[in-house]
Structure formats: C-alpha cells, structure tokens
Amino acid sequence: MNVVPRQAARVATWAPKRWLVALAVVAPNALRPSVAHAVEAAVEGAVSAQGYDVVSPFGDVILGRRRMTTTLGFAAYDLEGNQDPLAADYSVHVRMRIDADFGVDDAEANYDASNRSRFVPGLAYSPIDLMHGYVEARNIARGLFGVRVGRQMTTNVLGWWTFDGGLVRLTTPYFFAVEAFGGFEQRGGLPLSTPRYEAQGVWRGARNGGLADEPQVFPSFQEASLAPAFGAAIESSGPNWVHGRFDYRRVYNSGGAFTSQFPAPGGGGLEEVSGLRISHERLGYALTAFLSDVGSARGGFVYDVYAAALSRAYGGLEARVGESTTVGLDGEFFLPTFDADSIFNWFAHNPSITALARVATRPTPRLELSGQAGTRLWLTDGSPAGFAAAECTAAGFATPELERACLEYGLEPTTGPEAEFVRASASRGTVIAPDLLASFGATHRWGTGRATARANLETGFGGTDSDRGRRVGGTLSAHQDIVPGTLALGGRVSTYEWHNPLRPDRDATSFGYVVAPEVAPVERTKVRIEWEHDMNRLVGHRFRVVGTLTVEVP
Amino acid sequence: MTGARGLLPGWVAALACALAVVVGLAGASAAPTAADAPAAGASAHAATLGPSAGPSAGPSAGPSAGPSAGPSAGPAAGQPAEPLAAIDRRHGLAPLFGDTLVPLEWMPPGTSASPVPSDEIFPPQQLTIRFNHKKHVGELQQTCKVCHAAAYRSAKSTDTLLPSPAKTCDNCHDVDHRNLANVVAGTEPNGQCGYCHLGDEAGKGGRVAKVVVPAPNLKMNHEAHLRRNIGCAQCHGQIEELELATREQLPRMAGCFSCHARSAAATGDAKGACVTCHVTEASGRLETTFSTGQLVPPVWLHGAAHTPDWLDRHKGIAGANSELCASCHATEFCTDCHDGKVRPRDVHPDDWISQHAQAARQDNPRCVSCHQLTTFCGDCHRRVGVARDAPSANRLAGRRFHPAADVWTVAPRSPQHHSWEAERNLNACVSCHTERDCATCHATQGARGGQGVNPHAPGFEANCVDAMRRNPRPCLVCHATTDASLGACR
C-alpha cells in the first residue's frame with residue numbers, strides 16, 4: 001500500500017488515472033495466491049504398536065496380539081479464505097485408520113472349507129476404515145444454513161452414529177435450528193467401514209470367500225448390505241442457559257438374511273428374508289439447563305419405536321454449594337434394545353436402574369475431589385430365590401421328596417402346568433437385586449505435573465439369587481514434565497479385586513503398574529512408550545508394551 | 001529426650017505464634033505509615049534523578065491539584081516529604097478501603113456464579129499503582145471516558161485502554177509524564193512518584209514498578225458495546241463505588257449471557273455462540289491452551305465442569321449438546337476413546353482383560369457406549385474359545401464358562417439359572433452368544449429346530465403385529481412361516 005504514493009510522486013508528470021492507481025493497489029492482492037495463504041491445513045498421524053498376550057479363561061488358548069494401529073488425518077479449514085468463525089466457512093476433514101494385528105494367523109482370518117477349525121467370521125488382519133471424510137459448509141447465508149457431505153459422525157441422545165450421506169442444518173433467527181440428514185449407515189463388512197456404530201445384536205460382515213457358498217456355516221453371521229437411513233432433529237439455538245434437542249433416526253436393513261438357524265429337516269436349506277426392513281427407529285429428547293448461581297438440571301429419553309420400548313431415560317440435578325463445590329443426584333433407566341433383524345429385542349425384559357448421589361469440590365486451585373455413591377437395581381420377572389420350588393409345585397411335585405427330585409432332575413418347561421406357571425403374571429412379579437456403587441476421584445496439579453487417584457466399588461448383596469459379585473480397587477497415576485515440552489514421565493499403580501459368585505474359580509486380586517516415558521524430539525512430534533506389568537493368580541505375570549508415535553503438521 | 005531436643009517446647013512455640021500474630025497485626029496497621037517515608041524520600045530522589053520509566057500515574061488529587069499545577073516544577077531534594085507523608089495513602093490500594101469485601105451488587109454481573117475471573121481469559125495483572133475511582137468518579141465528577149477514552153474507539157481486546165498519564169493524570173497532578181523516559185515530578189505532594197506508584201522505592205533511579213495488564217484472551221469490541229448504549233457498569237460493575245479497579249472488576253461469562261443469547265442466524269451481534277467472544281483456532285474451535293492454564297468449562301455451565309468424575313457423567317451433557325463439546329474438541333478427541341483401538345487407561349484400568357468380565361456383569365450399560373457386542377466383543381471371545389460358536393479348535397472339551405448345565409440351563413429355574421442373568425443384563429449374553437445359540441431352545445419345535453421355550457415378556461403380543469410388519473426377520477428365526485402362533489402377529 002505504501003508503494004503507491006511514492007510511485008505516484010516519481011512519475012508525477014505522468015499523472016496516472018485514478019483507476020490505474022486503484023488497479024495497482026488491487027492487482028497484487030487479486031493475483032496473489034490468496035487461497036494458499038488463507039487456507040489452514042492440518043495433518044496428524046499416529047502409529048501405536050502394542051504387544052501383549054490374551055489368555056483364555058481356561059488357560060489353554062493364548063492369543064499373541066501384535067497390533068499396530070495407524071491413523072492419518074487431514075483437515076483444511078477456511079477454504080473460502082475468511083478466517084472469521086462467524087462468517088461462512090468451508091472445510092474438509094478426513095481421517096483413516098489401519099488396525100492391523102499381526103497375531104491373527106491365516107487360519108483364523110481366511111475361510112477354508114476343508115479346515116475351518118480356527119476360522120472366525122469377520123476377523124481380518126488389517127481392516128482399513130474411513131473414520132470420517134466430509135466436506136462441510138457452515139454459516140452460509142449469514143448463519144442460516146450449514147451442510148455436511150460425506151462420511152460423518154453424529155452425537156446426540158440416540159448415541160454415537162456414523163453414516164455416508166448429507167446433512168443440512170437450518171438455523172432460524174428464532175432460537176431454534178432444524179437438521180435433516182439422509183444416507184447410508186456405516187456397516188462392518190462394507191468397504192472402508194467398521195461395525196462399531198451399528199445397532200447391537202446382529203453379527204454382520206462380509207461373507208466372502210468360500211463362506212458365500214456355504215450358508216449353513218455360521219448362519220448367524222449375516223452378509224452386510226447397504227443400510228439406507230434418514231432422520232431429523234430440532235435443536236434450540238442461541239440461549240446458553242437452556243439447551244434442548246429432539247432427534248429422530250430411522251435405518252433400514254437391505255439384502256438377505258437367514259432366518260432359520262438350522263437346516264430344514266430332510267436336507268432342506270436355510271430360509272432367508274430379503275428386501276428393505278427396519279433396522280432401528282429411535283427418537284429421543286435431551287435437555288440441559290442451568291441457573292449459574294444455583295445449579296443445573298438435565299434429562300432425556302430414548303424411545304425405540306420398533307421395540308415399542310423406552311430404551312433409556314436419565315435425569316440429573318446439580319446444585320452449587322459454595323464457591324467451588326457441587327452436589328448432585330443422577331438417575332438412569334437403561335433397557336437394551338437391538339437391531340430389528342435381531343431376536344434379542346424379544347429377550348429384553350427389564351431395565352437396570354441406576355441412582356447416584358455425587359459431590360465434587362475444589363478445596364484449592366490445584367486440588368479437585370469428587371465422589372459418587374448409589375445403587376444399580378437389576379430387575380427380574382419373578383423371584384430367583386423361590387422360583388424353582390414354586391415351579392416344581394406347580395408342576396405337581398407337591399411333596400418334599402418330589403420337589404427334591406424335581407429340583408435335581410429337572411422338568412420339561414414347555415408344556416403343562418409348569419409352562420403355565422412360568423407364563424402367569426402372578427409368578428412374574430418384579431424382584432430387585434441391588435448393587436452398591438461408589439467411586440472416588442482426585443486430581444492434584446502442580447506446575448509441571450499432576451497426580452490423579454481413582455477408586456471404585458461395585459458390589460452386590462445376598463445369596464446366589466441376588467448377589468452379582470464385587471469389583472473394587474483403585475489406581476494412582478502421575479505425570480511429570482522433566483524437561484517441559486521435551487521429556488516427561490508418567491506412571492501408574494493399581495490394584496483391583498473381583499469376585500463372581502457364578503464363577504468363584506475366577507476370583508482374583510490384581511496388582512499392576514505402568515511406566516510411561518514420553519519424548520518430544522521435535523516440535524509437534526511425540527513418542528510415548530508404555531510398559532505395563534500386571535499380576536494375578538489366574539494369569540501369573542502379564543506384560544504389555546505400547547509404543548505410540550504422534551505427529552502433527554499444523 | 002532425643003526426639004524433643006530438636007523441637008521447641010510447646011509453650012515457647014505458642015508464645016512465638018502469639019507474638020507473630022501481634023507483630024503481624026501491628027505491622028499491617030503501621031505499614032502505610034512506614035511506607036510513606038521511603039516513598040517520600042524516593043520521590044525526592046526521583047525528582048533529583050528524574051524518573052525514567054513511569055508508565056502511568058493514578059490521580060487521587062484533591063481539588064487543589066488542578067491542571068494549573070505546573071508539571072515541570074521539579075521539587076528540591078527532600079522538600080515535599082512532610083506534605084506527602086501527611087496524606088492518607090492507604091486509599092486506592094484495593095477495591096474497597098482496607099480490602100473489605102465488595103458487595104455483590106457492585107460487582108460485575110455474573111460474579112455470584114464466578115467469584116473470580118478466569119485466569120485463562122484474563123491473565124493475572126500487576127497493579128503497581130494506587131488509584132481511587134470513587135474519588136475521581138464520585139467526588140471529582142469525572143466520567144469513565146475522561147481516562148478511558150480509548151475504550152470508546154476500541155474494536156480489539158488488544159487495544160490499550162489505560163489512560164495515557166501525560167494526557168490525563170498530568171492535567172491535575174503536578175507531574176510531567178510527556179517523556180516517560182524522563183518523567184518530571186512537580187513540587188506538590190500529588191505529583192510525587194510515590195503518591196501513586198507503589199513500592200518503597202517508587203521513583204528511585206527514575207524508575208517505578210511497571211503496571212502490567214495483559215490483553216485478555218478474548219474478542220472484545222468496546223466500541224460496538226458502547227454504541228449499543230451498553231454502559232461500563234453493565235459489564236464492569238459499580239466502579240464508581242470502588243477505589244482500585246482490579247481483575248475482579250472484569251466481566252464474567254455468566255454476565256455476558258444476559259445479552260449473548262441469540263442464534264447464529266439472528267440479526268444483531270449478541271450471538272450466543274462460544275466463538276462470538278472466545279479466541280479460536282483455524283479450525284473454528286476455541287483456543288484452550290494458554291500460558292496461564294487450560295480453558296475448561298466453568299463449574300456452573302450446564303454441569304459440564306471437568307471434575308475428576310467427569311468421565312463418568314459426561315454422557316448426559318455430550319448427548320444433549322454435542323455442539324458444546326465440539327466448541328473445544330475435535331471429533332478425533334472423542335473417537336480416540338469411543339472408537340479407539342488403544343485402550344483408554346482412565347476408563348479401563350490395568351489388568352483390564354482379567355477383570356473385564358466382572359465389570360461387564362455389573363456395569364454393562366457402559367460397555368455399549370463404545371463396543372459393538374457381536375463383533376468387538378464377540379471376535380475375541382470366539383478366538384479364545386469362550387463363545388459358544390467359537391471355532392472347534394478353540395473350544396475346549398469339558399470346559400464351561402457358566403455354572404453347570406443342570407443349574408444354568410435346565411428347568412426349573414434355580415437361582416443360578418441363565419434366565420435371571422439374561423433378564424438383568426442381556427447385553428452380556430450378546431457379547432458371546434449369537435441367536436443360533438438361543439434358538440437352540442427358544443425356537444419353536446419342528447422346522448425351526450428349537451424346543452419351544454417361550455422367551456417373550458408378558459404383554460408382548462400387543463406390539464407384535466406392528467413389529468412383524470416392519471421387520472419379520474426376528475419372528476422367522478424362531479417361528480416357521482406356517483407356525484400357528486404367528487397368526488396373532490400377522
């Protein structure tokens with residue numbers, strides 16, 4: 001800019017036209033590679049190598065897991081050249097992953113009809129997945145519109161979910177926004193995909209290789225097909241003290257799926273259904289609100305339309321007590337629901353209900369403490385304690401001797417008065433088995449380090465009819481910068497004890513420690529080595545080594 | 001005896017403590033007086049040497065200290081000691097005299113939620129002057145603009161809004177700040193360095209301690225706010241009631257929310273989005289790492305304080321308002337745990353593989369937050385031979401994961417029968433069993449190959465018509481198409 005007056009002065013006799021001066025000013029700006037200057041790009045990659053052994057609960061099978069997980073991400077922001085976050089903004093985001101396990105042997109991953117004694121359907125040496133890859137436009141038309149196209153993730157009260165498709169968001173000036181999306185759910189077995197985000201309950205993947213020709217082998221393992229999906233959301237926008245969001249999502253299964261699990265008698269094959277059918281359809285609402293001086297409240301629910309069941313409901317109240325202390329109450333109702341292709345929806349009877357009281361405080365700027373205690377209630381239709389005896393009585397084993405025989409030798413549950421007894425609502429009153437839950441957490445920070453403590457207890461009560469076991473223990477960990485920005489050391493010790501009345505031979509007490517140095521040889525590059533040594537009576541000593549290299553290019 | 005030798009007797013320690021308290025109290029009350037003499041001396045000394053680095057001076061001048069007081073009139077060495085010492089210089093050292101608590105109604109809006117401003121947004125300051133706003137604004141009827149005129153033109157938070165001493169202080173105080181490398185004190189007490197600048201040696205060697213007010217890590221357009229007729233007090237509180245303005249008079253986020261509540265598409269600038277005020281990275285997410293600490297949500301914001309139990313309870317907030325989380329966190333931050341292939345250590349402690357079965361039994365709702373049961377869990381369970389449909393080479397004859405079949409599988413339903421566990425925690429079943437395992441008994445007899453044990457909950461029929469219409473597949477796993485019992489659901 002300053003060049004112009006001097007130029008003008010030097011050629012004063014030439015008396016340039018005003019438009020030429022303007023052109024001289026504008027041209028360099030117009031011709032410079034503005035995009036190259038304005039676009040912000042970032043590349044990040046991480047390689048994590050792990051080596052450890054997994055021992056079967058029976059002690060005989062030992063998996064040597066030799067894993068190498070590599071992620072590579074790329075993002076480019078401000079494609080429009082404007083770095084105002086409130087203005088229209090265009091960006092690209094891609095992240096890929098290879099999750100290789102060199103411990104998987106050939107017989108496990110590749111189907112061989114002549115020897116399938118080790119084959120695990122769906123297992124792969126090194127699955128590659130596109131975690132996300134999308135183009136996004138935000139704040140278009142003064143903040144009215146946003147668009148996202150590609151593989152993307154949504155997070156809302158319905159849970160984590162990814163799909164390939166498009167999402168449009170309309171933000172109104174009237175304190176609410178509307179979203180609509182459509183595409184295909186990410187499904188394991190399809191290219192560049194992982195099953196992580198599918199609805200639960202269906203064992204699904206690529207029935208490739210020889211498996212495609214042998215439907216009677218692993219009939220529960222379904223061939224993955226495209227899963228069309230769409231949904232919508234309405235969300236509050238603007239006020240910070242309250243936020244509500246309603247979500248709806250419907251996903252379809254397509255392609256074929258075996259129905260019968262056993263070949264038809266007389267050498268018949270397996271039956272199959274095909275075509276579009278519901279995979280899952282859910283709607284939910286979540287609300288959070290706060291009064292900054294008082295506290296906050298939150299609540300929400302998820303309703304599974306296919307299962308016609310409330311899948312999840314939760315609520316919480318938090319109150320401020322003094323400057324840096326909060327107390328709260330949280331409750332959650334959880335009933336597992338599944339993909340509509342799965343039979344498990346029809347086995348889900350009762351929710352688990354969790355209620356917790358909590359307190360969190362920060363007695364000093366460097367020390368934070370929190371604690372929770374409460375219960376989780378497990379519900380059954382009928383009383384496990386006396387059901388068997390009543391069942392025998394209903395079946396006609398009326399005398400003590402007959403009842404003893406019934407309990408010892410069993411009975412036929414599908415016909416007769418015992419079957420009626422099992423189905424009768426009078427026999428199926430709700431019975432609760434409570435677990436006690438408690439946890440404690442503390443974090444202490446100092447200039448170049450921090451220490452944290454976490455401890456938790458989950459324990460049941462009563463006899464075998466209600467006691468669901470116990471898990472109790474805690475972890476102390478610390479992280480200290482030795483040469484800030486260059487060298488750090490982390491460490492952790494932990495001990496846990498667990499007990500399961502159904503499997504008392506698997507009770508154990510474990511002690512473990514971890515030493516983890518971190519080195520940053522150059523800026524934005526970090527190498528972390530983690531040595532873990534665990535010991536318990538079941539597996540003796542077990543070791544895990546994890547090395548992680550993280551690189552970022554801003 | 002040996003142990004006691006190294007310690008003071010209790011009564012000596014108690015006496016020492018009591019004396020220390022008395023001395024401390026006396027010292028505190030005497031401090032301003034004690035400070036006067038060296039300060040006065042320093043100002044005399046400064047006058048002699050010429051203060052060279054006096055960045056500002058807070059005028060606490062009395063009515064006599066008018067603009068006419070000649071700033072160039074340098075005092076003779078030691079001359080003004082007595083008048084300066086006579087002035088009560090305890091004022092202007094704290095928001096209220098004696099550092100008493102400022103009433104909440106005089107504090108910036110939102111102070112009740114955040115008693116002190118965030119260190120990350122407003123880095124600590126070093127205020128080395130005393131200044132009495134109450135006197136200047138109240139008694140002397142000076143408006144905010146007299147000293148902070150720059151705020152009325154300021155569009156950026158990095159602008160300096162403190163007054164220029166030469167243009168403001170010197171109008172009344174007997175001092176010349178025009179050349180900050182050579183500030184010349186006048187003869188009147190209010191023109192001495194020590195009158196406003198703190199420190200026993202204020203002005204000594206021509207130097208005063210520097211006032212440091214770092215720019216906030218925030219976007220702030222004072223001019224735009226003032227143009228909307230938003231007065232100073234609306235964000236800073238009742239400064240005119242206070243003496244020294246400190247960090248405590250800086251705005252609180254809860255106060256900002258009283259106006260910043262509009263959607264991104266609404267007209268006007270008072271948007272509720274975080275990026276309206278917070279400094280952002282190129283990605284559009286908030287800058288969270290500052291030399292003064294890590295920016296985290298305040299304790300009152302949607303219950304999202306990142307307390308030590310945050311891991312346990314973040315689900316309720318993230319599920320309800322993922323945009324709030326996305327203000328600071330990229331998707332990768334979440335997927336590293338929720339879709340991670342490397343075990344998050346804070347969630348799964350050491351020796352997790354050994355204890356995970358019991359954890360899944362008692363804490364199962366949390367497993368499905370991250371894990372697909374039939375693949376993530378099932379693959380490994382098949383490989384180690386736990387799952388019922390594990391490949392034959394991995395299944396070990398005579399080994400059972402569950403209790404013996406006579407109590408686990410066979411009717412009547414004993415306390416250890418699998419049905420109770422399935423009713424309580426079906427997800428745990430699904431982590432090992434495919435539907436073929438269940439169909440073995442629960443499918444109907446005949447074509448479906450089962451034994452006809454009905455697993456349906458009471459009242460199931462009410463929903464089965466709609467369910468079967470929308471997806472008949474699960475029905476047909478256990479029921480043949482010709483099954484009469486399907487008739488009720490067609």
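A residue counts as buried if 20 or more other C-beta atoms lie within 10 Å of its own, C-beta atoms being placed from the backbone. The legends below all refer to a predicted model.

**View 1. Chain B, its burial and its secondary structure.** Of the 490 residues that make up chain B, 41% are buried by this criterion. The secondary structure of the chain comprises 21 helices and four strands. When contacts in chain B between residues at least 6 apart in sequence are considered, 69% of them join residues that are at least 24 apart.

**View 2. The contact between chain B and chain A.** Chain B contributes 123 residues to this contact, and chain A contributes 159 residues. Divided by class, the side of chain B that touches chain A consists of 55 nonpolar, 43 polar and 25 charged residues.

**View 3. The packing of helices α6 and α7 in chain A.** Helix α6 of chain A, residues 387–394, packs against helix α7 of chain A, residues 400–409, at an angle of about 115°, and the two axes lie 9 Å apart. The crossing in which α6(A) passes α7(A) is right-handed. On the side of α6(A), the contact is made by Ala388(A), Ala389(A), Cys392(A) and Thr393(A), while α7(A) supplies Glu403(A), Cys406(A) and Leu407(A). By class, this contact of α6(A) with α7(A) has five nonpolar residues, one polar and one charged.

View 4. Ala411(B) and Pro412(B) are joined by a cis peptide bond, for which omega is about 5°. Pro412(B) is found in the loop of chain B that runs between α16 (405–408) and α17 (418–424). As background to this view and the two that follow, most peptide bonds are trans, and most residues other than glycine have a negative phi.

**View 5. Asn139(A), a residue with positive phi in a strand.** Asn139(A) is a residue other than glycine, and its phi is positive, near 55°. Asn139(A) has its place in strand β4 of chain A, which covers residues 128–139. Because 23 other C-beta atoms lie within 10 Å, Asn139(A) is buried.

**View 6. Asn229(B), a residue with positive phi in a loop.** Phi of Asn229(B), likewise a residue other than glycine, has a positive value near 65°. The place of Asn229(B) is in the loop between α7 (222–227) and α8 (233–236) of chain B. With 7 other C-beta atoms within 10 Å, Asn229(B) is exposed, since a residue is classed in this way if it has 12 or fewer.

How values were computed
Residues are numbered from 1 along each chain as its sequence is written. Chains are lettered from A and ligands numbered from 1 in the order in which they are written. This is a predicted model: local features need pLDDT of at least 70, side-chain atom pairs count only at pLDDT 80 or more; totals for chains, interfaces and linings use all residues. Helices (H or I, at least four residues) and strands (E, at least two) are DSSP runs, numbered from the N terminus. Two residues are in contact if their C-beta atoms, placed from the backbone, lie within 7 Å. Axes are lines fitted to C-alpha atoms, for helices over the stretch in contact, and angles run from 0 to 180 degrees between N-to-C directions. A crossing is left-handed if the near helix is turned anticlockwise from the far one by less than a right angle, and right-handed if clockwise. Ala, Val, Leu, Ile, Met, Phe, Trp, Tyr, Cys and Pro count as nonpolar, Asp, Glu, Lys and Arg as charged, and the others, Gly among them, as polar.
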